[in-house]
Amino acid sequence: MLNAFALSAQCKGIGAELGIHQQTVQSVCDQFATSRDQHRRCPRFRASFGLKRARGWVPFQAQSRRIDGNSIVYKGRRYRFFGSGKRAVPANAKSGAFVEDALGRWWVVLYADTPAPAVAASGSVGIDLGLKTLATLSDGVVVENPRHLRQKATRLAAAQRAGNKRRTARINSEIANARRDFHHKLSTRLSREYAFIAVGNVNAKRLAKTKMAKSIFDAGWSTLRHMLRYKSAQFVEVDEKFTTQTCSECGSLPPSRPKGIAGLGVRAWECSDCGASHDRDVNAAQNILRLARGVPRLGEGSRNLAA
Ligand SMILES: [Zn+2]
């Protein structure tokens, strides 16, 4: 078995013949050897046609490309960046790749180190992730799912009914992009604002079996949690069991709490133990924050735990 070094030695001169940079050939050899050793078998041959067609990938090193204003020059060819007016090409960009997406469009990816923004965040927040509203914060702020995502979901359903595979694929990719963009902006905003972020462990897989699959499609909680985890100064994920039903004022599980299927429709309720009135989701978010801080345990001292 040839290692990456021997493999690229065997491929000497291929780059010139194919019109690609020899460094690209080398990167492909490296990747081939890595995947093979990892899975202990040869990767399959690349499928060029049909449903399982492999997506194109042309990696390059920093030395084999040149960034010139709003374009990248590779092997004497110029590829223009769209949107470079909005976001400048990072000056310290290193290697990268031309990559093909599921729709056969080509993109250029550049790897760059970006300094972590100076976090001026302070304060803490609990976040209740939901179906109807994407997130409710413990300070009462509500984050809706963007309308355009819902509109796209409607178009997606229509395309699926019509059996239009290509259209379905395109809308799916539009939704994925739009959702990622929205989640990035939201998680960046939250992590700049709050130093301590607590989120419930609401499980999309468990709920996906119900009829609410479409809303879950829009929500993408796990992606959002993942982004918050690596962006925030301090991140805690808590078990959200009973967070909806416990009164965040007095910590009891009062008889008046929203519970069961009927409780799903309850937006506002009043604690029959202490008289506090609650917005269902804000109350849950406050409980999540308290849990994350480790005080006090939910339902503790409640007389109605079994109810
Ligand atoms: Zn209460």
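These are my notebook entries on one protein chain, taken from a predicted model.

**Entry 1: the whole chain**

I began with the overall count. The protein chain holds 10 helices and 13 strands. I then looked up burial. Of the 307 residues in the chain, 24% are buried. Next I checked how far apart in sequence the contacting residues sit. I took contacts between residues at least 6 apart in sequence, and 59% of these join residues at least 24 apart.

**Entry 2: the sheet of three strands**

I went to an open sheet of 3 strands. Its order is E2-E3-E4, and the pairing is antiparallel. Which strands stand at the edges? I found E2 (65-68) and E4 there. Each has a single partner strand, so one side of each has no neighbour in the sheet. Neighbouring strands here are turned by 25 degrees against each other on average, direction ignored.

I picked out two of the facing residues. Ile72 stands opposite Tyr79 in E4. Val73 has Arg78 of E4 as its bridge partner. I then followed the chain through the turn. E3 and E4 form a hairpin, with 2 residues between them. Lys75 lies in that turn and has a positive phi of about 50 degrees.

**Entry 3: the sheet of five strands**

I moved on to an open sheet of 5 strands. I read its order as E9-E8-E7-E10-E11, with mixed pairing. E9 (142-144) and E11 (234-238) stand at the edges. Each of these two has a single partner strand, so one of its sides is left without a neighbour in the sheet.

I checked one pair in detail. E7 (residues 124-129) and E8 (residues 133-137) run antiparallel, joined by 3 bridges. Leu129 stands opposite Ala135 in E8.

Which helix lies across these strands? I found H10 (residues 280-293), which lies across E7, E8, E10 (196-200) and E11. H10 runs at about 125 degrees to E7.

**Entry 4: two helices in contact**

I turned to H5 (residues 165-193) and H8 (residues 221-231). Their axes come within 9 Å and cross at roughly 40 degrees. That angle makes H5 oblique to H8. I noted the hand of the crossing as right-handed.

I listed who makes the contact. H5 brings His183, His184, Leu186, Ser187, Thr188, Leu190 and Ser191. H8 brings Thr223, Leu224, Met227, Leu228 and Lys231. I sorted the contact of H5 with H8 by class: 5 nonpolar, 6 polar and 1 charged residues.

**Entry 5: Arg257**

I ended on a single residue. Arg257 is in the loop between E11 and H9 (260-263). Is Arg257 buried or exposed? I counted 25 C-beta neighbours inside 10 Å, so Arg257 counts as buried. The cut-off for that call is 20 or more.

I then looked for its partners. Leaving aside neighbours within four places in sequence, Arg257 is in contact with Gln245 and Trp269. I also took a distance to another arginine. The C-alpha atoms of Arg257 and Arg280 are separated by 9.2 Å. Along the chain these two residues are 23 apart.

Methods:
Residues are numbered from 1 along each chain as its sequence is written. This is a predicted model: local features need pLDDT of at least 70, side-chain atom pairs count only at pLDDT 80 or more; totals for chains, interfaces and linings use all residues. Axes are lines fitted to C-alpha atoms, for helices over the stretch in contact, and angles run from 0 to 180 degrees between N-to-C directions. Helices (H or I, at least four residues) and strands (E, at least two) are DSSP runs, numbered from the N terminus. Angles under 35 degrees count as roughly parallel, over 145 as roughly antiparallel, 65 to 115 as roughly perpendicular and the rest as oblique. A crossing is left-handed if the near helix is turned anticlockwise from the far one by less than a right angle, and right-handed if clockwise. Two residues are in contact if their C-beta atoms, placed from the backbone, lie within 7 Å. Ala, Val, Leu, Ile, Met, Phe, Trp, Tyr, Cys and Pro count as nonpolar, Asp, Glu, Lys and Arg as charged, and the others, Gly among them, as polar. Two strands pair if DSSP finds at least two bridges between them. A residue is buried if 20 or more other C-beta atoms lie within 10 Å of its own, exposed if 12 or fewer, and partly exposed in between; C-beta atoms are placed from the backbone.
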